[in-house]
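Please keep the structure open as you go through the points.

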Amino acid sequence: KNSHAHPFAAMESAMHSAMAVWRQAAEAYVDFLKAPMFTVGGLPVPGVILLLIVMLCGNVLYQFLRKGETSKVDDSKTVEARQIVTKAEKDALAAKKRVKAGEEFRKVAKEVSTSPEGQLGGVLGTMKPGMKLLGEANALFDQVAYDPKTKVGEVVGPFESKFGWHLFLIEKRTGVDSVTDKKDQ
């Protein structure tokens, strides 16, 4: 009989320990939700009710605060875009030069972009005017992306925001009058 432990025994043991910890945490959470948090008219109100009230109030407040914002989203216009963000303007200019010299935007984005989507080739996906996906840079993006003078398939920028220096590539655009609405492939 082989006296050596299975090579995955330590991993299996660690997984069982982790599962036990998760089980205890889940049980404690359930106990918290069941436990009376406060009383109303002398009746105990469990934590789950408090949690539901907080979630409902939060959702109502969120919808109220977004009321004006959602009306600003223009569904008739869309843009498929990519971006590169760098900390220094000189780095953005160097990246733009590389793309203009023929390197793929996505390759340069993966190598130099400091934004999270940089590792995905700078993909921003399909955007509509007024969407709040880029934080402070949203207004800047909308101004550039939906300007008929911005050519589809051309790198534009750099533009400065609190996140750094942005380069944008508009790959496809609808609902905006321009000479070219699709990047020539």
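The points below move from the basis of the model to its sheet, its helices and its cores.

1. A word on the basis. This is a predicted model, in which local features need pLDDT of at least 70 and side-chain atom pairs count only at pLDDT 80 or more, while totals for chains, interfaces and linings use all residues. Residues are numbered from 1 along each chain as its sequence is written, and side-chain values use heavy atoms, with hydrogens and water left out.

2. The sheet. An open sheet of 4 strands runs in the order β4-β3-β6-β5, with antiparallel pairing. (Strands are DSSP runs of E with at least two residues, helices are runs of H or I with at least four, and both are numbered from the N terminus; two strands pair if DSSP finds at least two bridges between them.) Because β4 and β5 (155-161) stand at the edges with a single partner strand each, one side of each has no neighbour in the sheet.

3. The hairpin. β5 and β6 form a hairpin with 2 residues between them, and 5 bridges join these antiparallel strands. Ser 161 has Gly 164 in β6 as its bridge partner, and Phe 159 stands opposite His 166 in β6. Of the 7 residues of β5, 5 are buried, so β5 is largely enclosed by the rest of the structure. (Buried means under 20% relative accessible area, exposed over 50% and partly exposed in between, with a 1.4 Å probe and protein chains only.)

4. The helices. Helix α4 (residues 105-112) packs on the sheet and touches β3, β5 and β6; its direction makes about 40 degrees with that of β3. Helix α5 lies across β3, β4, β5 and β6, at about 45 degrees to β6. (Contact means heavy atoms within 4.5 Å; axes are lines fitted to C-alpha atoms, for helices over the stretch in contact, and angles run from 0 to 180 degrees between N-to-C directions.)

5. The cores. The largest nonpolar core has 14 residues, and those with the most contacts inside it include Val 79, Ala 81, Phe 141 and Ile 170. (Such a core is a set of buried Ala, Val, Leu, Ile, Met, Phe, Trp, Tyr and Cys residues joined through side-chain atoms within 4.5 Å.) Its largest share, 4 residues, comes from α5. A second, separate core of 11 residues includes Ile 84 and Trp 165.
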